Amino acid sequence: MNETMQLPTEPNLPDVSSWNQEHLLGLESLSADEIRLILDTAKAFKESESGWRKISTALAGKTVINLFFENSTRTRTSFEIAAKRLSADVVNFSSSTSSLKKGETILDTARVIEAMGSDFIVCRHMCPGSSAYLSNQVHSAVLNAGDGAHEHPTQGLLDIFTMREHKKRIEGLKVVILGDILHSRVARSNIWGLTKLGARVVVCGPKTLIPDTLHRLGVEVRYDLDEAIQGADVINLLRIQLERQQKNLFPSIREYRIMYGVNQARLNQAKSDVLIMHPGPVNRGVEISNDVADGPNSVITKQVTNGVMIRMAALYLLNTVRERMGKTNRMCD
Ligand code: CP
């Protein structure tokens, strides 16, 4: 063996025996302790000496299917990298070239894939509840990679992980979630996770993009951005989802930028160490200016990096339950 080559070391993982979830469908259904366990498991993966290399054989012999019915860059790619780091086989399913085009249903599609031996199905679909529906029908563990405007749990987790990494705590942080809350699954997962961990969550945006019922989730609602960002520890900006808007919910992009765009002049009114976050894809020059997106307060690329460890943690934890229950993929039945 080449003497300079280092063998991967297993990360120093926390005790995961309390984890009992078979699927990861949202942060609404997780307890604060379960959320902390995912964050701590991801931290152990991040701190592992072997860093970016294949660092664990935990999922050797297992198959992860990325079943994406909507476009994705970050989520699909980082699930693939995460699964490979855990030594799983990964298959990327593309809905645009599949038999869905011939009328096959999402359930039949999932069953076809499962019959080829999947252990984990990572699903993104435009319908809220689609991952929960699949989880009741298939033998594989289902991970929700975004279901309509409902939840995007791994994005919420990687956002919270990044906040905790930089601020060393979540409890007591003032987190402003800014922009198109109405269409945002990222906002919902952030709200569930952050409020469970004791953060003060303020949502801000045009009245037309904030649902009336949101205060029921334990958040404060503000319509004035300059007021909202006073004393904020984190500003998590959301993309204006032009493709999901049925009608004009604000007068123009120019007006949105003036009222709710984050630029350097606005940032100067906030705390000097405020974290600027964005789940992506970023509409530069709309919700955020270039200098802020690429400036010293921005942790946008760090969020992407942390997404790999969060997805490793999610796959790892779900696998421990499958092993405990003696669950195998359909081909091994
Ligand atoms: N944040 C996020 O979900 O990005 P993708 O659509 O690129 O996966």
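A residue is called buried when its relative accessible area is under 20%, exposed when that area is over 50%, and partly exposed in between, using a 1.4 Å probe and counting protein chains only. By this scale lysine 327 is partly exposed, with a relative accessible area of 29%. The structure is a predicted model, in which local features need a pLDDT of at least 70 and side-chain atom pairs count only at pLDDT 80 or more, while totals for chains, interfaces and linings use all residues. Residues are numbered from 1 along each chain as its sequence is written, and side-chain values use heavy atoms, with hydrogens and water left out.

We begin with the protein as a whole. It contains 11 helices and nine strands, where helices (H or I, at least four residues) and strands (E, at least two) are DSSP runs numbered from the N terminus. The radius of gyration, taken over C-alpha atoms, is compared here with a globule rule of 2.2 Å times the number of residues to the power 0.38. For this protein the radius is 20 Å, close to the 20 Å that the rule gives for 333 residues, so the protein is as compact as a globular protein of that length. Its C-alpha trace spans about 60 × 55 × 35 Å along the principal axes, and 56% of the 333 residues are buried. If contact means heavy atoms within 4.5 Å, then among contacts between residues at least 6 apart in sequence, 76% join residues at least 24 apart.

The next topic is charge. Side chains of opposite charge can pair when their charged atoms come close. A salt bridge is counted when a side-chain nitrogen of Lys or Arg is within 4 Å of a carboxyl oxygen of Asp or Glu, and a search of the whole structure finds 17 of them. One of these joins glutamate 22 and lysine 327, whose closest N and O atoms are 3.0 Å apart. Glutamate 22 lies in the segment before H1 and lysine 327 in the segment after H11, so this pair ties together parts that are 305 residues apart in sequence. Glutamate 22 is partly exposed, at 30% relative accessible area.

Lysine 84 is partly exposed at 40% relative accessibility, whereas glutamate 80 is buried, with a relative accessible area of 17%.

Aspartate 226 and arginine 266 form another salt bridge, with their closest N and O atoms 3.0 Å apart. This pair links distant parts of the chain, since aspartate 226 is in helix H7 (residues 225-228) and arginine 266 is in helix H9 (residues 264-267), 40 residues apart. Aspartate 226 counts as partly exposed at 35% relative accessibility, and arginine 266 as buried at 13%. Salt bridges that share partners also join Arg200, Glu220, Arg222 and Glu227 into one network.

Aromatic rings come next. Rings of Phe, Tyr and Trp (its six-membered ring) pair if their centres lie within 6.5 Å, and planes under 30 degrees apart count as stacked, over 60 as edge-to-face and the rest as tilted. By this rule there are three aromatic pairs. The rings of phenylalanine 45 and tyrosine 316 have centres 5.7 Å apart and planes at 80 degrees, so this pair is edge-to-face. Phenylalanine 45 lies in helix H1 (residues 32-47) and tyrosine 316 in helix H11 (residues 300-325), so the pair ties together parts that are 271 residues apart in sequence. Both phenylalanine 45 and tyrosine 316 are buried. Tyrosine 256 and tyrosine 260 form a tilted pair, 5.6 Å from centre to centre with 35 degrees between the planes, and both of these residues are buried.

Finally, we turn to the backbone. Most residues other than glycine have a negative phi, and most peptide bonds are trans. Here a cis peptide bond, with omega about -10 degrees, joins glycine 280 and proline 281. Serine 87 has a positive phi, near 75 degrees, and lies in the loop between H2 and strand E2 (89-94). Lysine 168 also has a positive phi, of about 65 degrees; this lysine 168 counts as exposed at 69% relative accessibility, whereas serine 87 is buried at 16%.
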